[in-house]
Amino acid sequence: MSEAKETTYRKAVGKAIDDAMKKDERVFLAGEDVGRYGGSYAVSMGLLEKYGPERIVDTPLCESGFTGMGIGAAMNGMRPIIEIMTVNFSLLALDQIVNNASHLLHMSGGQFNVPLVIRMATGAGKQLAAQHSHSLEGWYAHIPGIKVLTPATVQDAHDMVHLALADPDPVIIFENALLYNNKGTLDTSLEPLPIGKANVEREGKDMTIFAYGINLFKALEAAETLAKEGIEAEVVDLRSLRPLDDETIVASVKKTHRVLIVDEGWRSGSISAEIMARINEQAFFELDAPMYRVCTEEVPIPYPRHLEQAAIPTPDKIVAAAKKMMEES
Amino acid sequence: MKLSLEKAKKFYRQMLLIRRFEEKSAQLYTEQKIRGFLHLYIGEEAVATGIMDALTPQDGVVATYREHGHALVRGIPATKVMAELYGKMEGCSRGRGGSMHLFDKKLRFYGGYAIVGGGLPLAVGIALADKRMGRKGVTVCFFGDGAVAEGEFHESLNLAALWQLPVLFVCENNLYGMGTHLKYAESETNIAKKAKSYRIEAHQVDGMDVIKINEAARKAVEYVRSGKGPQFLECLTYRFRAHSMFDAELYRTKEEVEEWKKKGPLVTFKKRVEELGIWSEIDADAIEKEVEKTIEEAVAFAEKGTWEPVSDLTKYLYSQEVSS
């Protein structure tokens, strides 16, 4: 029976954490201001009262220390969820994420898996300037041994917490900070779409727009505009940047023969470059036009709104790129 | 101070095992049987030996890249450690880790970590899990004086003290972070004092005297196990060999090394046990022969070991592949 309810992205994540903690005593949440403050994005509001300070753990400002703590606890039988306030702060924990969490299983010859979940906010658009606005999820997707999830929908915001907790290996969930207030439908009776599966959000025949996170909605908005001009764009939500769903990507390329990738990361060495390379390797002769992409300009994200918007992907930029591609082929 | 004959023999055997194992490793390195980095523990044997004796199987150990001694004394067979140094599949990490990354899950040997300071936060988490799950385990975390300059040292001490976690921090202060003397690295060279600033009970111990280390370790482990929070031991020791096999040792004098060798762990042990009047009851020759045999077997085992097939290269990248 369907149990679909309207809720927000924020509440969907919070509910998933709450339900997981209720079900499994090994689960705990730790991070800066997750308890008494209620979470810097209010995701864990009310959970401290419910579970107490041993399971909703306020940490000092020591990203490397508390992320490493999570890895150790995971190696010793617990299921920690580590919240890092924003992706830029996660750079202070890179040693632990890369050198330890992602390497341990392989380096120990299969002995120590790390069932750790790391959640962090990502993305620009709130005028938070150059040290709070970047999108480094593509970077993390470079690292073998971890999984990288980018929930866009309310359903995925919820489901991916459960998928990540059920996974025996480290999973990083990137929550775009602008999505927390988004409303959508959450149906907890649905079987979650597994990690590593992309989802065709909109069918189309003329081109495929690949996007993830908040850019899924920018792509869908662009597709509406394009439809008015007679261009039917398919929109694929990548959902997971590592592993990438080559099968769904290639199937869509074979259907539409044109590719546009939207990526809030910087262009050079980005996840969009990786997707282009894979299409080149696996479906080159299916292409009717050179592949296009809309990425973030290669500058630190500036504070003023007009410059911030000029730096990041927008529906207008997606529409312009799509039209250019159609004209050229 | 009490020391049973049985324990005295055990300490001597273990320290000698580390010494001879590493001397053999150095030789095998020159023969190119062992490659990569090889960091020898020679000179510091008393620390791992004295601490490990105070532990039980339920306790966890986090070590560094200079961890052959810790692995051997914790109970990983010399055969499996040597095979790991060779990079053979029969090694304790399947040959994947080599000298710097020895692991044994069954022995709760959580591994050798080669990013200085990187193991400390893990020890905090391992201890937190034990505490939350109501286990009585103590997590012992070894690191060198070099780690003290890393942020992770301070973050981890703070967390362990703040949450009263069952961690025993063991700083093996051998005076040099690679080639940089402690006095060029720290504004405050008394490391125990730094630990105290986090409200952690901390002691400096003669790191060349296995008996003193063992006494300090027993007290510390008992304290930590009782739930009173972490403790910190700074073991004052010295590395007799180069930092790794690529080190010309330009940063210290031969005289300094010779001075320390006079108070080396084996020399000190003999003197102490003589004072106790039980040295004559230890058959040192028999122990030497026994150790020699263990090393020979370890080398033979490693030689006979096999190379992991290239087709397994990506195995264990993710857990799903463990069962397949």
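# Two chains set against their definitions

Tutor: In chain A, 79% of the contacts with a separation of 6 or more join residues 24 or more positions apart, where a contact means that the C-beta atoms of two residues, placed from the backbone, lie within 7 Å. This is a predicted model, in which local features need pLDDT of at least 70 and side-chain atom pairs count only at pLDDT 80 or more, whereas totals for chains, interfaces and linings use all residues. Residues are numbered from 1 along each chain as its sequence is written, while chains are lettered from A and ligands numbered from 1 in the order in which they are written.

Student: What percentage of the contacts in chain B between residues at least 6 apart in sequence join residues at least 24 apart?

Tutor: For chain B that share is 75%.

Student: How do you know that the radius of gyration of chain B agrees with that of a compact globule?

Tutor: A compact globule of 324 residues would have a radius of gyration near 20 Å, and chain B, with 19 Å, agrees with this. Chain B has twelve helices and eight strands, and its C-alpha trace spans about 55 × 50 × 40 Å along its principal axes.

Student: What makes A:Asp33 partly exposed?

Tutor: A residue is buried if 20 or more other C-beta atoms lie within 10 Å of its own, exposed if 12 or fewer, and partly exposed in between. A:Asp33 has 16 such atoms within 10 Å, and so it counts as partly exposed. A:Asp33 lies in the loop between strand 2 (27–31) and helix 2 (47–51) of chain A, and has a positive phi of about 60 degrees although it is not a glycine.

Student: Why does B:Met178 count as partly exposed?

Tutor: B:Met178 has 13 C-beta neighbours inside 10 Å, and therefore counts as partly exposed. B:Met178 is found in the loop between strand 5 (176–177) and strand 6 (180–181) of chain B, with a positive phi near 55 degrees in a residue other than glycine.

Student: How much of each chain is buried?

Tutor: Buried residues make up 58% of the 329 residues in chain A and 52% of the 324 residues in chain B.

Student: How do you know that the largest nonpolar core lies between domain 1 and domain 2 of chain A?

Tutor: The core has 198 residues, and those touching the most other members are A:Ile209, A:Ala322, B:Met82, B:Val124, B:Cys141, B:Val167 and B:Val170. Domain 1 (4–187) and domain 2 (199–328) of chain A both give residues to this core, so it lies between them. A nonpolar core is a set of buried Ala, Val, Leu, Ile, Met, Phe, Trp, Tyr and Cys residues joined through C-beta atoms within 7 Å, and the domain bounds come from an automatic or database assignment.

Student: Which residues does B:Val167 touch, not counting residues up to four places away in sequence?

Tutor: B:Val167 touches B:Ala123, B:Val124, B:Ala127, B:Thr139, B:Cys141, B:Ala160, B:Val224 and B:Pro230.

Student: What separates the centres of the two domains of chain A, and how many residues does their contact take?

Tutor: Taken over C-alpha atoms, the centres are 26 Å apart, and the contact takes 24 residues from domain 1 and 24 residues from domain 2 of chain A.

Student: How many residues of chain A are in contact with chain B?

Tutor: The contact joins 32 residues of chain A to 33 residues of chain B. On the side of chain A, helix 3 gives the most, with nine residues.

Student: How do you know that the span of helix 1 of chain B is close to the expected one?

Tutor: The expected span is 1.5 Å times one less than the number of residues. Helix 1 (residues 5–30) of chain B has 26 residues and reaches 38 Å from its first C-alpha to its last, close to the expected 38 Å. B:Gln32, with a positive phi near 65 degrees, follows helix 1 of chain B.

Definitions and conventions
Helices (H or I, at least four residues) and strands (E, at least two) are DSSP runs, numbered from the N terminus. The radius of gyration is taken over C-alpha atoms; the globule rule is 2.2 Å times the number of residues to the power 0.38.
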